[in-house]
Amino acid sequence: MIKLGEKQKLTVVKKVDFGVYLSEQAGAEEKVLLPAKQVPSGTEVGSVVEVFIYKDSDDRLIATTNEPKIMLGDVRMLKVKETSRIGAFMDWGLEKDVLLPFREQTKKVKAGEEVLCALYIDKSSRLAVTMNVYPYLKTNSPYAKDDKVIGTVYEMSDNFGAFVAVDDIYSGLIPKKELFGNVKIGDSVNARITSVKEDGRLNLSIREKAYLQMDTDAQKLLDMIKDCGGRLPFTDKASPELIREKTQMSKNEFKRAVGRLLKEGKITIGKDSIDQV
């Protein structure tokens, strides 16, 4: 069987002026054309050639010896070549670009942007890519708790947090309570693994452990107070929502940072403000 979207070794069963026809074996009915410009030098009937199978502009199976940037089921970063009314056309290393349909975009994309995609076969039996990569990510990562990793944010959820493809391969999540700063789809994030679930998915944090993060947060808070002219117009009695909005810290992290600066004698706390000493 000739497999769409995959590389396979096929046998040359016929030579024509415009290329060669390939099949699984001599006598098989299913054949695919390898255009003349793709045929390796010295190829004859009976030669075995490794090719990638996709479809041409007329929706016919065609073979190529060029190396695609993505194959069926893979997750890879691809560049947007252009956008149209039906979606975006992505550079995947072959002559005919692959389509990223609008319905498969988790955010609006623009030309020149690199996007994390998975290659799949659509309902019309054509190859296309999707930004909904969750089903294609693996759960057999080599990582353990407290390992440091890098990943790409591919989806944001108000309920769950930021979904991350660790190494662009493995399934990870930054829970909502661990999200700080302006994290968005397409961002590359440095994270720490907080746990590995039974099914292999990774829980992540973009902050250090509390005792390590405290120094960073304390310096950040002191810089913020300086930028406000030496006075921050709220204290650790403020609402968690206000603290998170203004400092990108949880209330507990903010209180730890305030405590560190108090201990070091760098601030004083008033009724409604924190002041630099």
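Modeller: Let's start with names: helices (H or I, at least four residues) and strands (E, at least two) are DSSP runs, numbered from the N terminus. This is a predicted model, where local features need pLDDT of at least 70 and side-chain atom pairs count only at pLDDT 80 or more, while totals for chains, interfaces and linings use all residues. Residues are numbered from 1 along each chain as its sequence is written, and side-chain values use heavy atoms, leaving out hydrogens and water.

Colleague: OK, so where is D167, and what makes D167 partly exposed?

Modeller: D167 sits in the loop between β12 (161-166) and β13. Buried means under 20% relative accessible area and exposed means over 50%, with partly exposed in between (1.4 Å probe, protein chains only). D167 comes out at 35%, so partly exposed it is. Its phi is near 60 degrees, a positive value in a residue other than glycine.

Colleague: And why does S125 count as partly exposed?

Modeller: S125 has a relative accessible area of 40%, so the label is partly exposed. S125 lies in the loop between β9 and β10, and its phi is near 65 degrees, again positive in a residue other than glycine.

Colleague: What makes K271 exposed, then?

Modeller: The relative accessible area of K271 is 76%, so the label is exposed. You'll find K271 in the loop between β17 (267-269) and β18 (274-276).

Colleague: How do you know that β13 and β15 pair?

Modeller: Two strands pair if DSSP finds at least two bridges between them. Strand β13 (residues 170-175) and strand β15 (residues 202-205) are joined by two bridges and run parallel. One partner to look for is L202 in β15, bridged to G172. Both strands belong to a five-stranded barrel, closed in the order β11-β12-β13-β15-β14 with mixed pairing.

Colleague: What about β4 and β5: which sense do they pair in?

Modeller: Antiparallel, over four bridges. I53 stands opposite A63 in β5. The two strands make a hairpin with five residues between them, and D59 in the turn has a positive phi of about 70 degrees.

Colleague: What makes a set of residues a nonpolar core?

Modeller: It's a set of buried Ala, Val, Leu, Ile, Met, Phe, Trp, Tyr and Cys residues joined through side-chain atoms within 4.5 Å. The largest one here has 21 residues, and L78, M90, W92 and V129 have the most contacts inside it. Strand β9 gives the largest share of this core, three residues. A second, separate core has 16 residues, including F234, A238, L261 and I274.

Colleague: How do you know that α3 has the span expected of a helix?

Modeller: The expected span is 1.5 Å times one less than the number of residues. Helix α3 (residues 251-263) has 13 residues and reaches 18 Å from its first C-alpha to its last, close to the 18 Å expected.

Colleague: Which residues of α3 are buried, and why do they fall on the same side?

Modeller: The buried ones are E253, F254, A257, V258 and L261. They cover an arc of only 135 degrees around the axis (taken from the directions from the helix axis to the C-beta atoms), so they sit on the same side of α3. The face turned away from that buried side carries the exposed residues N252 and K263. Just after α3, G265 takes a positive phi of about 70 degrees.
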